[in-house]
Amino acid sequence: MHSLDSKTLRRLAEVIADIGGPYERKGWELEELLRGAAWPGEPEYDGEARVPWLLEEMTARRDDHAAIERLLCRVCDPLEYDEGADAADAVREAVNEKLRPEGLVISQIGGRPVAGRLGAGGAVQMSEPPELEKRLRALVQDEKTAEVLLNRLEETRICASNGAYTLAIIGVGSLMEGLLLTILRERDGEAWAENFPRRQGKLVKPDQVSLHGLIEVMHRKQLIEFDAKDFMHRVRDFRNYVHPHRELVDQPGFDADSVGLCWAPVQAVLNDLEKRLG
């Protein structure tokens, strides 16, 4: 996602506040929405007109692409509405109307809202999350570990840019396995000290845990939501094409869009982790 035009930001602020509309948000609800989107700082509604207040917040963070993306995804999330998916879809349609001139769109993939680009003919194109390097460094405390993960990210990019799509998909899965393992090691000593879920009837130690086990533990520890858990298992399934025999049997025919579909769950997981870990 790029920095949005000031007029786009104003139009989005009007949609989000929805003054007089069916999904109108009071000042405290706007404040709550920002916090639910892990908005940087401590947003406090000061009683002024709601749209100008929200626009000021968004304008101040317009170059923080990850924050803007989290906000737009959160306002389109069924979790945000008592009416659930119907309300979220209606708001997402209004948001996308304002994003269309920017060539951007919020889509629902795997039950989660994710940001993408509009391609030829209105096709949605997914790409890696914005400011991914910065976000990884913020989540990972150990500098050497961060460098290892960033190196894996760069190799994944090289593969994707040069048409090695299967290896790029394997790289996305490997990157996320390293990130989830690191989060548990650095942020949850209790989880790291205990054995992980059973595999073939046995408990496994942290250095032996599978990506499947990591995803399940992250959800059990409430670090990622159910939809993000289910979403990440799709990446795990694709990552398993590291085994040539499976690729020979299934003949998946991966392309650039396949890599994009793997980045979408990464966005959902990052949004959840940033919301819970700050």
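Q: What percentage of the 278 residues of the protein chain counts as buried?
A: This is a predicted model, where local features need pLDDT of at least 70, side-chain atom pairs count only at pLDDT 80 or more, and totals for chains, interfaces and linings use all residues. Numbering runs from 1 along each chain as its sequence is written, and side-chain values use heavy atoms, leaving out hydrogens and water. Buried means under 20% relative accessible area and exposed over 50%, with partly exposed in between (1.4 Å probe, protein chains only). By that cut-off, the buried share is 47%.

Q: Which residues of helix 3 are buried, and why do they sit on the same side?
A: Helices here are DSSP runs (H or I, at least four residues), numbered from the N terminus, and helix 3 covers residues 50-60. An α-helix has 3.6 residues a turn, so residues three or four places apart point the same way. The buried ones are Val 51, Trp 53, Leu 54 and Met 58.

Q: Which exposed residues does helix 3 carry on the face turned away from its buried side?
A: The buried side of helix 3 packs against helix 1 (6-17), helix 2 (27-36) and helix 4 (65-75), with contact meaning heavy atoms within 4.5 Å. The face turned away from it carries the exposed Glu 56 and Ala 60.

Terms used:
Helices (H or I, at least four residues) and strands (E, at least two) are DSSP runs, numbered from the N terminus.
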